[in-house]
Amino acid sequence: MRKLFGTIVGILVAILILAAIEYIDGALYPLPTNIDPQDMVAVAQIIPNMPIAAKLILVSAWLLATFGGAWIALRVTDWRWSAVLVTLFVIGGAVINFIELPHPLWMQGCAVLLPLIGGGLAARVHAKPYPGEPLLG
């Protein structure tokens, strides 16, 4: 039960980190006022013209969200597969996003590579110095 709970918590943390970074990105680089955010065709036409800094912020969100979510999942579960599941969730979300809204090829590559790096880093820094250490202490 702890594995399921920890994995779900890790996924929720990843979603929160992604949402926070995307909110910051939207505040720094807002959509033009004449564009309806629900109109996917109009938004798809804007993506190629976004500033490179806005794109880099979005790309960094995948790395940071995966790292944060996977690390929390590992702290709760102490089960490496929880980090893998969080990583796959973030990659899956990015792929679904690319199906709905076309992005440049380099961003699509980063959407797979950076979550893998983030999940791997989380697994690498996660260590319990001794058995029986409190989960979140």
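**Close-up 1. Helix H4 gives the most to the lining of the largest pocket, with seven residues.** Welcome to this predicted model. The pocket in view has a volume of about 870 Å³. Its lining is made up of 31 residues, and those closest to the centre are Glu22, Asp25, Leu58, Asn97 and Leu101. Helices H1 (2-28), H2 (40-46), H3 (52-77) and H4 (80-100) are the elements that each give two or more residues to this lining.

**Close-up 2. The lining of the largest pocket, sorted by residue type.** Glu22 and Asp25 are among the residues closest to the pocket centre.

**Close-up 3. Helix H3 and the residue that follows it.** H3 is built from 26 residues. From its first C-alpha to its last it reaches 38 Å, close to the 38 Å expected at 1.5 Å a residue.

**Close-up 4. Helices H1 and H3 packed together.** Two packed helices are described by the angle between their axes and the distance between the axes. For H1 and H3, the angle is about 160° and the axes lie 7 Å apart. Angles over 145 degrees count as roughly antiparallel, so H1 and H3 are roughly antiparallel to each other. Their crossing is right-handed. In the contact of H1 with H3, 18 residues are nonpolar, six are polar and four are charged.

Definitions and conventions:
Residues are numbered from 1 along each chain as its sequence is written. This is a predicted model: local features need pLDDT of at least 70, side-chain atom pairs count only at pLDDT 80 or more; totals for chains, interfaces and linings use all residues. Side-chain values use heavy atoms; hydrogens and water are left out. On a 1 Å grid over the protein atoms alone, a cavity is a set of points where a 1.4 Å probe fits but cannot get out, and a pocket is an open set with protein on both sides within 12 Å along at least five of seven lines; lining residues have an atom within 4 Å of a point. Grid points are joined across faces, edges and corners, and a volume is the space filled by probe spheres set on the points. Helices (H or I, at least four residues) and strands (E, at least two) are DSSP runs, numbered from the N terminus. Ala, Val, Leu, Ile, Met, Phe, Trp, Tyr, Cys and Pro count as nonpolar, Asp, Glu, Lys and Arg as charged, and the others, Gly among them, as polar. The expected span of a helix is 1.5 Å times one less than its number of residues. Axes are lines fitted to C-alpha atoms, for helices over the stretch in contact, and angles run from 0 to 180 degrees between N-to-C directions. Angles under 35 degrees count as roughly parallel, over 145 as roughly antiparallel, 65 to 115 as roughly perpendicular and the rest as oblique. A crossing is left-handed if the near helix is turned anticlockwise from the far one by less than a right angle, and right-handed if clockwise.
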